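Subject: Structure for you, with notes

Hi,

Here is the structure you were waiting for. My notes follow below it.

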Amino acid sequence: MSDSKAFRQEIRAWLEENCPESMRSKAKPEEQVWGGRNIQFPSEDARVWFERCVEKGYCVPDWPKEYGGAGFDQKQTRIFQQEMTRLNCRPPQVNLGIWMAGPAILEFGTEEQKREHLPKIARGEIRWCQGYSEPGAGSDLAGLQCKAESDGDEYVINGSKIWTSYADHSDWIYCLVRTDSDAPKHNGITFLLFDMASEGVEAKPIELITGETHFCQTFFDNVRVPKKNALGEENKGWTVAKRVLEFERDMMSDMESTAVNSGQSPRSIGQKFLGDEDGRVTDEVFRHAIAKHEVQRRGLEMSQQRMIDEYMQGIGDPRIAMIFKYVGTEEEKSKYELMVKMAGEHSLGWGEGYTENEIQMTKDWMGAKTHSIAGGTSEIQLNIIAKRALGLPEK
Ligand SMILES: Cc1cc2nc3c(=O)[nH]c(=O)nc-3n(C[C@H](O)[C@H](O)[C@H](O)COP(=O)(O)OP(=O)(O)OC[C@H]3O[C@@H](n4cnc5c(N)ncnc54)[C@H](O)[C@@H]3O)c2cc1C
């Protein structure tokens, strides 16, 4: 038996034995386990699943063991993910630390920073948020103004960030600050890590159209941060920031599998609201639209798989990854447009008189619109593809 086959069998057997039945389905928002100082478990099974995974390093399987991971190489990580998907296992922990802060610390951190932060993320002890956007700096991120002035061994931070997802529930922030106002804008930025419990930090929630308060405006009033908390060199934070955006866009390119949603598909909605004849949606026009969606979705999945396979063989072109965030999030939006069209008045669900699934579909439809904004808008993605992948001139 090949090493890969034996590894797959070992993972499969472990998951089958250790993943509780109730953890083998997509989690609703209230069922997710966010790591952090105030970690809460919606059920005993969620706690058991989390603890078993932490013990094996499975919250971050590809991180080295000394930092709390399982030490899997790329191929093993892929097999692990495939086996998780096969059983429909929920992620044991969600945390921006796993997707973004941690990978950045692994790549740019000092040994001291790695030892301080990574095990806490792997064990779900600290929840992270991202302080990039400001009221005057979103797409033009390098224009950010939040200032960090030098004072001995510390920086003193003043300014504000906006759209900081879950800042009011997070323990630490990775934050872009201006440390040199005279340098060209990309060259005066530092990437800082600090505790949200520091004196002078305030996170004010902003209510969304869905009624939820996903993100905050975050204010910094003379917040003192040790200089050793800079990730990478002073004034060289733009390099780290761009890398983190790549991690974010990779994550967002696969919203179908990572998003929290009602689990309904265009096909199931069509069958339910338009009629079903032996598994076929009766309305011909919508049947074709559903087929088109399914073909596009499958095409995207296969292209992503191909990119990963080529990358593992060392023959891939990294520029290909740039298209996935754009295509994935636009596809997600059209999927929900199609679903609400087919559901008609049932897609107006907001309160009484609607089923839980109908209300969730309305929320998912509105929520999908944010995915083509967060992590860089679709227009910005097209600019990046034009410039960096296709090599087109800027003007
Ligand atoms: C759900 C969600 C979660 C978020 N979470 C976070 C977070 O945790 N931390 C954080 O820091 N930020 C977060 N953001 C903010 C996000 O990164 C910004 O909203 C995004 O980068 C766009 O910036 P903006 O909102 O300032 O829009 P703007 O930059 O003002 O853009 C407005 C419009 O102009 C277009 N536009 C701008 N420049 C160009 C150009 N050069 N060419 C063509 N079109 C252009 C844009 O595409 C957009 O349609 C989040 C956003 C959302 C929606």
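Start with His169. Its relative accessible area is 47%, so His169 is partly exposed. That label covers the range between buried (under 20% relative accessible area) and exposed (over 50%), with a 1.4 Å probe and protein chains only. His169 sits in the loop between β3 and β4 (172-178). Helices (H or I, at least four residues) and strands (E, at least two) are DSSP runs, numbered from the N terminus.

Two points on the source. This is a predicted model, where local features need pLDDT of at least 70, side-chain atom pairs count only at pLDDT 80 or more, and totals for chains, interfaces and linings use all residues. Residues are numbered from 1 along each chain as its sequence is written, and side-chain values use heavy atoms, leaving out hydrogens and water.

Salt bridges

The whole structure has 26 salt bridges. The criterion is a side-chain nitrogen of Lys or Arg within 4 Å of a carboxyl oxygen of Asp or Glu.

One of them pairs Arg37 with Asp195, with 2.8 Å between the closest N and O atoms. This pair links distant parts of the chain, 158 residues apart. Arg37 is in the loop between α1 (3-18) and α2 (44-56), and Asp195 is in strand β5 (residues 189-195). Arg37 is partly exposed at 43% relative accessible area. Asp195 is buried at 18%.

Lys161 pairs with Glu134, and here the closest N and O atoms are 2.8 Å apart. These two also come from distant parts of the chain, 27 residues apart. Lys161 lies in strand β3 (residues 154-165), Glu134 in the loop between β1 (128-131) and β2 (147-151).

Glu310 and Arg306 form a salt bridge at 3.3 Å, N to O. Both belong to helix α9 (residues 284-312) and sit four residues apart, about one turn of the helix. Arg306 counts as exposed, at 54% relative accessibility. There is also a network: Arg8, Arg12, Glu16, Glu83 and Arg86 are joined by salt bridges that share partners.

Helix packing

Helix α4 (residues 96-108) packs on helix α6 (residues 237-252) at about 135 degrees, and their axes are 9 Å apart. Axes are lines fitted to C-alpha atoms, for helices over the stretch in contact, and angles run from 0 to 180 degrees between N-to-C directions. The two helices are therefore oblique to each other. Oblique is what remains after roughly parallel (under 35 degrees), roughly antiparallel (over 145) and roughly perpendicular (65 to 115).

Which residues meet? From α4 they are Trp99, Met100, Pro103, Ala104, Glu107 and Phe108. From α6 they are Thr239, Val240, Arg243, Val244, Phe247, Glu248 and Met251. Contact means heavy atoms within 4.5 Å.

Arg243 is in helix α6 and is partly exposed at 26% relative accessibility. Arg243 touches Glu107 and Phe108, not counting residues up to four places away in sequence. Between the C-alpha atoms of Arg243 and Lys56 there are 28 Å, and the two are 187 residues apart along the chain.

Best wishes
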